[in-house]
Amino acid sequence: MEIAVGRGFQVLTLSGSSFHGKSIRKTCVSLKGFNWTSARKGHSLTPCTTLIQAHQRPTWLPGFDPPPHLDGTLAGDFGFDPLGLGEDPESLRWYVQAELVHARFAMAGVAGILLTDLLRVTGIRDLPVWYEAGATKFNFASTTTLLIIQLLLMGFVETKRYMDFLDPGSQAKPGSFFGLEAALEGLEPGRYPGGPLLNPLGIGKDIKNAKDWKLKEIKNGRLAMVAMLGIFVQASVTHVGPIDNLIEHLSNPWHKTILQTIAGSSS
């Protein structure tokens, strides 16, 4: 490629390489009308310079220069860290783990709320609205019993996960989980569980090269977290489930919107 710089100047790109995620291009400037000669007779000398140009990668704000600690190697890394929370490598490692866990809980929560609300609204099952489900009484066990069982089970699982975060792969060693280690063997210790129980379809078995799957998971997880926040606010304002809100909106799309809802709730 040849770029005109000014009268009598040319910039000629000769070669390129990479350095810390940036492209390095070596260019030579040729001055027309001047005879640059080396010590040897008959050899021309063209002064050269090296230019470093950052690779263009997607960022949360177009044209934004991402911070150095977010170099694009993490799944879903778009350079968003305005508070610099991930500058410490250990903190960044914990935030990545925390985001994944919250994303997975949010995806499960949104799916559960929408499914049960759909069954309730259509009359297929007699179910409480999602924000009242916790107060439901069951005949087979008391609320206190269910709470204790949940604390024990969730506490055990979360403790195992935290131990695997501190020492990746330690919870897959023989004898660490009642002989079921092979059925729960992780694809990537501390982040991506696997085995026939947690990955029955065998998706992304080559986890090191499963960049697309990782990106899809974190994108859907972030969307689910935003959706959960919307469902919380919606229930607080309208006091009904999301399917009821959707039906009401579809019944009169131009007059049953978020603007009218907010205006009605404030009056």
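## Helix α1, helix α5 and two annotated sites

In this predicted model, the axes of helix α1 (residues 89-122) and helix α5 (residues 242-251) come within 8 Å and cross at roughly 65°. Axes here are lines fitted to C-alpha atoms, for helices over the stretch in contact, with angles running from 0 to 180 degrees between N-to-C directions; helices are DSSP runs (H or I, at least four residues), numbered from the N terminus. On the α1 side, the contact (heavy atoms within 4.5 Å) uses I113, L114, D117, L118, R120 and V121, while α5 brings P242, I243, D244 and I247. Of these residues, 7 are nonpolar, none is polar and 3 are charged, with Ala, Val, Leu, Ile, Met, Phe, Trp, Tyr, Cys and Pro counted as nonpolar, Asp, Glu, Lys and Arg as charged, and the others, Gly among them, as polar.

Leaving out residues up to four places away in sequence, E217 touches L100, R104, M107 and Y192. With R104, the E217 side chain makes a side-chain polar contact at 2.7 Å (a pair of N or O atoms within 3.5 Å, where one must be able to donate a hydrogen and the other to accept it, and residues adjacent in sequence count only if both atoms are side-chain atoms). N220 counts as partly exposed because its relative accessible area is 44%, between buried (under 20%) and exposed (over 50%), using a 1.4 Å probe and protein chains only.

Residues are numbered from 1 along each chain as its sequence is written, and side-chain values use heavy atoms, leaving out hydrogens and water. Local features need pLDDT of at least 70, side-chain atom pairs count only at pLDDT 80 or more, and totals for chains, interfaces and linings use all residues.
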